[in-house]
Amino acid sequence: MAAVLTPPAPASSGPGALPRSRWGGRRNRWPLLPLVATVLLPALPYGASGGGGPADLASGVAVLVCAGRLLRLRSRPLSATAALVLGLPAVGFAVAAVAAADPAAALPGLVRYLQVFVLVPTAVVLLLRDAYGFRVVAGSLVLLAVVQGVTGVHQYVTGTGASYMGEDVRAVGTFGPGDIMGMATVVAYGLLAAAACALRAPHSAPAWLRPCAAVVAAALVVPLTLSFSRGVWIATGVALLVALALAGRRQALTSLAVLGAAGVVLVGGFGVGSEMIADRAASVTQVTRAPDRSVSDRYAMWSAAGSMWRERPVTGVGLKGFPAHRDGHASIGLSSGSDTAGAGQEFRRQALLSPHNMYLLVLGEQGLIGLTALVGSWAAILVGAVRRLRLARSRGGAAVDCGLAAVALMVWQSVDFLYADIGGPTTVLSGIVLGLAAWWALAEPDRGSTA
């Protein structure tokens, strides 16, 4: 299926040598640079509230580099299956944009959706030539997570974080209270990438890599916890359980024991935010009995998205149409916005312009056509990634760590989208994650892989 995606590589010159390809060896890895920049640049604070940040510019460079390489090579880069899976979401986006009441107003949404869910993932698939490239990008996710995690823990300890329950203790990293999920998202990405390496390190990796990856994964639990982001907690827990189940029984039991011990020591022994964490965790089970204001608002916005879909079930109200149609479909119980403060920002009222559920957002704005195309593409990637991971394990493949990371990240994204949607500087990272999972699912897992 994907033989045309990666050319056959001649035998390597040594047990740990990288295979050669028409893209070059170690010295010709420069096409990875825009991908690494796309991963790392969201950490830079900037004033724009929407897209157009440094990471978005880097992702545009990655797409242009990919297009330039393809024009120079003049070859069909994707199999028919890969092209269908990666391009399918574009159908729903285009239909929703054309069917919108104001197609011109929907154009920015069309560009954004194409960037995140089609162009960036495709660029990642085409620029990654082997497992080495995958590990470089995954390592960049870990580096970003460590930097943001350290910043977030410092905010909690010094009381300079975002406001939470009347105290400036919420870890938000460099993203500020305006993007409350930013730090939690990147820390979760890095935690899962590090955990995959700890579960199955590359065969030729130095002996210290696996224990270091385990330590990093365990340490990232601290800033993730101090983010007080319930949806991210749930998504990370589910993704870790899936990765553990696919890694093997022995690795699963050992890893669960280590994570359990780390949790007891960090929260129980040192009392890291224990009271606030307990209250936040308990609120997960109270969403139907005594929901807080954030949960009530989320329910109201979910209901509004469902009402938009019922009004226009096939094509939705149009891309970027949720804010304009919200008040006409939301209940009177919806508040005007959420309060944000702390982390260097004065008190501010932030408008609620999305339902905080990607699936309902797509359903309301793009209808059944858009939801079917997008979820169908993601489901194909996830199923393909799991199938190829199991195949690689049964054959003793050298890139099982890449497969575990790809599956864990894809599962995390799929679950997290139940509680979040796109927006903010970390949005483009969703495209990177989808691209990593798609590379593993749609390209031959063992071809070009290194131990």
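The legends below accompany several close-up views of a predicted model.

In this predicted model, local features need pLDDT of at least 70 and side-chain atom pairs count only at pLDDT 80 or more, whereas totals for chains, interfaces and linings use all residues. Residues are numbered from 1 along each chain as its sequence is written, and side-chain values use heavy atoms, with hydrogens and water left out.

**View 1. Overall make-up of the protein.** The protein has 16 helices and four strands, taken as DSSP runs numbered from the N terminus (helices H or I of at least four residues, strands E of at least two). Of its 451 residues, 53% are buried, a term that stands for under 20% relative accessible area, with exposed meaning over 50% and partly exposed in between (1.4 Å probe, protein chains only). Among contacts with a separation of 6 or more, 77% join residues 24 or more positions apart, a contact being heavy atoms within 4.5 Å.

View 2. An α-helix has 3.6 residues a turn, so residues three or four places apart point the same way. Just after α2, Arg-74 adopts a positive phi of about 55°.

**View 3. Asp-56 within α2.** Asp-56, found in helix α2, is buried with a relative accessible area of 10%. Its side chain is joined to that of Gln-115 by a polar contact of 3.0 Å, meaning a pair of N or O atoms within 3.5 Å; within protein, one must be able to donate a hydrogen and the other to accept it, and residues adjacent in sequence count only if both atoms are side-chain atoms.

**View 4. Packing of α1 on α2.** The axes of α1 and α2 come within 8 Å and cross at roughly 160°, which makes α1 roughly antiparallel to α2. Axes are lines fitted to C-alpha atoms, for helices over the stretch in contact, and angles run from 0 to 180 degrees between N-to-C directions; angles over 145 degrees count as roughly antiparallel, under 35 as roughly parallel, 65 to 115 as roughly perpendicular and the rest as oblique. The crossing is left-handed, that is, the near helix is turned anticlockwise from the far one by less than a right angle. Pro-34, Leu-35, Ala-37 and Thr-38 of α1 meet Ala-55, Ala-58, Ser-59, Val-61, Ala-62 and Val-65 of α2. The buried residues of α1, among them Val-36 and Val-39, pack against α2, α4, α5 (131–158) and α16.

**View 5. Packing of α5 on α16.** Helices α5 and α16 pack at an angle of about 150° with their axes 11 Å apart, which makes α5 roughly antiparallel to α16. Here too, α5 passes α16 in a left-handed crossing. Ala-131, Phe-134, Val-137, Leu-141 and Leu-144 of α5 make the contact with Leu-429, Ile-432, Leu-436 and Trp-439 of α16.

**View 6. Arg-170 in strand β2.** Arg-170 has its place in strand β2 (residues 167–170) and is buried, with a relative accessible area of 10%. Its side chain reaches the backbone oxygen of Ser-227 at 2.7 Å and the backbone oxygen of Phe-228 at 3.1 Å.
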